[in-house]
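Please read the following alongside the sequence and the model. The text goes from the domains to a loop residue and then to the cores.

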Amino acid sequence: MKTLIINGSPKGRNGNTEVIIEKFIGSAKNLYQVCYVANEDPLKLAEYMKRFDAVIIVMPLYIHAMPGIMMKLIECMERTIDDGKSMGFIVQSGFRESEHSKYLKRYLTALAHKLNYTYIGTVVRGGSAGICMMPEKMNKKLFKQLQNLGEHFRLTRTFHGDIVEELAKPIRLSKGMSMLLYFLFKLGISDSIFWNGMLKKNNALDRKFDRPFA
Ligand SMILES: Cc1cc2nc3c(=O)[nH]c(=O)nc-3n(C[C@H](O)[C@H](O)[C@H](O)COP(=O)(O)O)c2cc1C
C-alpha cells in the first residue's frame, strides 16, 4: 500500500516543501503518492486521503501557524473508523530555531489523535527558507538527514527519534549566537543582503516596512 504525502505549501511544486518531500522519498517514488493542497479541492483531497493507510503531511510555517489552505483541508478531514491508519507531519520554517513551530506541532499531535490515526510524529526543521534556491552542496547535511529519515520510515513506518532530534536543532539560539547575529545584522552582514536583493528584484524594497493590516 502506498503512503500519501500531502504538500501543504501554497507554492506547490515550486517551494522548499517540495524539495524536502523529494529528499524524503529519494528513489522510492513508486511507494508514494504526492498531492498538492494548492492544486486540489480540499473536500476531494480529504476524501481521497481515506484510501491510504499512512499519510504524511509536509508544510511550511507561515506566520507562526500553518498555511490557510492547510487549515481548509483539515476542516474537511473526517475521523477514521479504521484502526491501524497512521499520520505524521513534517513542518519546515524560515527562522533557524525550531521552537517557532512548537504550537503547530502541539496542534498536529492532537489532530492525529482526534482523527483516530496512530501518530507517527512531527518532524520540525527551521532555517529552510532558501533551500530550493541554494546549490545542492550547501544543503548536503540536511538532504542526507532527510534521506535517512525516509529510508527509516520505509522500513519501520516510524520517524527515527535521533534524526528527528538532529533536524530540530537548534531549538533555541544561544545568547552568544543571538548577540552575534544581532551585530552582524547591525553591520549589514546578514541574510538581509539576500532578502533585500529579492525585494529589489521584485521592485518592492521601498515597501519593506509596509503594514497593510495595521
Ligand atoms: C507568508 C509567509 C509567512 C512566513 N512566516 C514564517 C514564520 O512565521 N516563521 C518562520 O520561521 N518562517 C516563516 N516563513 C518562511 C517559510 O516558512 C519558509 O520560507 C518555508 O521554507 C517556505 O516553504 P515553501 O517554499 O514550501 O512555501 C514565512 C514565509 C511566508 C511566505
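The protein chain falls into domain 1 (3-167) and domain 2 (175-207), with bounds taken from an automatic or database domain assignment. Their C-alpha centres are 29 Å apart. This is a predicted model, in which local features need pLDDT of at least 70, side-chain atom pairs count only at pLDDT 80 or more, and totals for chains, interfaces and linings use all residues. Residues are numbered from 1 along each chain as its sequence is written, and side-chain values use heavy atoms, with hydrogens and water left out.

K169 sits in the loop between α6 (161-167) and α7 (175-186); helices (H or I, at least four residues) and strands (E, at least two) are DSSP runs, numbered from the N terminus. The side chain of K169 makes a polar contact with that of E166 at 2.8 Å. Such a contact is a pair of N or O atoms within 3.5 Å; within protein, one must be able to donate a hydrogen and the other to accept it, and residues adjacent in sequence count only if both atoms are side-chain atoms.

The largest nonpolar core has 26 residues, of which I6 and M59 touch the most other members. A nonpolar core is a set of buried (under 20% relative accessible area, 1.4 Å probe, protein chains only) Ala, Val, Leu, Ile, Met, Phe, Trp, Tyr and Cys residues joined through side-chain atoms within 4.5 Å. Among the elements giving two or more residues to this core are β1 (3-7), β3 (54-60) and α4 (102-114); α4 gives the most, with four residues. Another core, of 23 residues, lies apart from it and includes I120, I131, I163 and V164.

Conventions
Buried means under 20% relative accessible area, exposed over 50%, partly exposed in between (1.4 Å probe, protein chains only).
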